[in-house]
Amino acid sequence: MANNPSPAKVDLIASAVKGFSHPIWAARADRLQSASGVLLGLFIIMHLHFESSILLGKETFYRVVQLLEGGMFNSTGHGYPIVTKVFSVFILLVVITHAVVALRRFPAQIGQWHALRGHLKGIRHKDTHAWFWQLITGFILFFLVPVHLFTMILNPEIGPNLSAERVYLDNVWVLYALLLPAVVVHALIGLYRVAIKWGLVSQRKVLRQVVKVLIVYLLCLGIASLVAYILIGTELTIPVQPFSPH
Amino acid sequence: MTQGRTLTFNIFRYDPQEANDKPKMVQYQIAETPGMTVFIALNKLREEQDTSLQFDFVCRAGICGSCAMVINGFPTLACRTLTAKYPKGEITLMPLPGFELIGDLSVNTGKFMRELAERLQLWLHPKSDDIDVHRLEDPMDPEEAARLYELERCVECGVCVSACATKQMRDTFVGAVGMMKIARFEMDSRDGRTAEDFYHVIGNQDGVFGCMTLLGCQDNCPKDLPHMQQIAYLRRKMAMTLV
Ligand code: HEM
Ligand code: SF4
Ligand code: FES
């Protein structure tokens, strides 16, 4: 059969080569940025709650983990760590998508950075400063989030004692202490912005208050649970035994 | 209570026309009078202390948009800013950033607005069957007229351009004033342009998808135009065009 590509195919290739410069990608990238941001933002709010169930005791945390790892599909009630692995890969893909589209917003040229600094100094405007912090925290997350996700992909054992071992004995609390404020600030300012930019909320003042309260609440929740893991960590005996319910 | 105060003005001075001039801040003192605006104070300063001081005004009533400048970190109209607003009596004046500087506090917003209008074609494009000048125009629905009028109130002062970090970082970005005017024609039932036509003008990184929703425009516009709502509307509209 003839190998000549059909005209339609040529068109398709041509448009693929022209690729992302086509104006339709401006709309797609904007939607993708908001969609991935919302997905990650809602995920982090849930994640912080699940993770901090340690505050209700080892037993509760253990049950939450087993449930989320698909324990209901297992007659023994035990979950499968592979679930954590697969889910972490999924989140990593979302983060990569988000970072690729969000990187367009970074002031890539030195002149743009100077313009931004000059503007922040000369013009007093709260939302612009909030965006600046989102930019900075986004930059920090770019390096820290993959570290956390790779740990969960390579070494997904989660449990009251195993997690505390990681946090305290392996010193990962340093990572979490940096990740927590960065992700909470970034995600909540981001969710605020998504709601405003698409016109989903018109009560901006109210939304701003809600976001502030949520930032403080999530930071407290995160810090309290981190302290709880550290305290458990100090009481662990080596070699660390996985927690088992009575 | 405001009577009898002495105000201190720190004013940006620079004349690009003069070869040896360098940008600097110059301090002036002036006695406050009741109901004084920054515009009145500037005129007094020019009359009594320094005739070389450059700044623009025409209407002194918030209508012409010529007197915009950055007052203590907020871009706004000098003729609508009372000095009584500043309890410390210290007022720093800078020219609007992002525009060609004519001298001191005077910037060329007119040139900017004209180029923008030409680039975005900010005039009514009648429907093709509606070019007969002898035909009477159809009456407009009063609600539509009111909505158009709301956006027509823009005085082209340039505040929203100076208040926008996105615009300051990316020179080619159309800025809020451009988008507000596009929104105005998009709403106008007499305009023949389709959503796709508008997409070609603002459906890109220099248009509505380049806007990062920092809202400096919304928060500083002296005419309180609804930027947040209108830009969100355009964003939704453009995101649904050419899906
Ligand atoms: C990998 C690191 C990340 C980088 C480099 C990054 C970068 C950015 C930047 C620069 C923006 C601002 C875009 C704009 O103003 O238009 C942004 C927006 C946003 N980010 Fe991130 N981010 C990262 C991770 C995350 C994570 C982990 C979350 C959630 C927990 C998140 C949630 C959001 C949200 C909700 C927005 C608002 C989206 C929008 O305005 O449409 N980001 N991100
Ligand atoms: S939209 Fe408001 S701030 Fe912008 S030019 Fe018009 S009046 Fe000035
Ligand atoms: S002088 Fe006309 S708006 Fe101020």
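User: What makes up the secondary structure of chain B, and how do you know that a stretch counts as a helix or a strand?

Analyst: Chain B of this predicted model has 9 helices and 7 strands, where helices are DSSP runs of H or I with at least four residues and strands are runs of E with at least two, numbered from the N terminus. Chain A, by contrast, has 9 helices and 0 strands, so its pattern along the sequence reads α-α-α-α-α-α-α-α-α.

User: What conventions and confidence limits stand behind these values?

Analyst: Residues are numbered from 1 along each chain as written, while chains are lettered from A and ligands numbered from 1 in the order of writing. Because the model is predicted, local features need pLDDT of at least 70 and side-chain atom pairs count only at pLDDT 80 or more, whereas totals for chains, interfaces and linings use all residues, and side-chain values rest on heavy atoms without hydrogens and water.

User: Why is V174(B) called buried?

Analyst: The relative accessible area of V174(B) is 1%, and buried means under 20% (exposed means over 50%, partly exposed in between, with a 1.4 Å probe and protein chains only), so V174(B) is buried. This residue is found in the loop between helix 5 (165–169) and helix 6 (175–187) of chain B, and its C-alpha atom is separated by 20 Å from that of L148(B), 26 residues apart along the chain. For chain B, buried residues make up 52% of the 243 residues; for chain A, they make up 43% of the 246 residues.

User: Which backbone angle stands out at N72(B), and is D224(B) buried or exposed?

Analyst: N72(B) has a positive phi of about 45° although it is not a glycine; its place is in the loop between strand 3 (68–71) and strand 4 (74–77) of chain B, and at 17% relative accessibility it counts as buried. D224(B), also not a glycine, has a positive phi of about 50° and is found in the loop between helix 8 (216–220) and helix 9 (227–240) of chain B, but with a relative accessible area of 58% D224(B) is exposed.

User: Why is the arrangement around the iron atom of ligand 1 called octahedral?

Analyst: There are 6 donor atoms, and they subtend angles of 85 to 179°; six donors count as octahedral if opposite donors are over 155 degrees apart and all others lie between 65 and 115, so the arrangement is octahedral. The protein donors are H98(A) and H186(A), each through NE2, lying 2.0 Å from the iron atom, and donors are N, O and S atoms within 2.8 Å of the metal (3.2 Å for Na, K and Ca), with water not among the atoms. H98(A) lies in helix 4 (residues 81–102) and H186(A) in helix 8 (residues 173–197) of chain A, so the pair ties together parts that are 88 residues apart in sequence. H98(A) is buried at 17%, as is H186(A) at 15%.

User: What kind of space does ligand 2 take, and which residues come nearest?

Analyst: Ligand 2 takes the space of the second largest cavity, a cavity being a set of points on a 1 Å grid over the protein atoms alone where a 1.4 Å probe fits but cannot get out, and a molecule sits there if more than half of its atoms lie within 2 Å of the grid points. Of the 13 residues around ligand 2, counted when a heavy atom lies within 4 Å, C154(B), C157(B), C160(B), C221(B) and H227(B) come nearest. The shell has 9 nonpolar, 2 polar and 2 charged residues, with Cys counting as nonpolar.

Terms used: Tetrahedral: all angles 85-135°; square planar, octahedral: opposite > 155°, others 65-115°. 1 Å grid on protein atoms, 1.4 Å probe; cavity = no way out; pocket = protein on both sides within 12 Å on 5 of 7 lines; lining within 4 Å.
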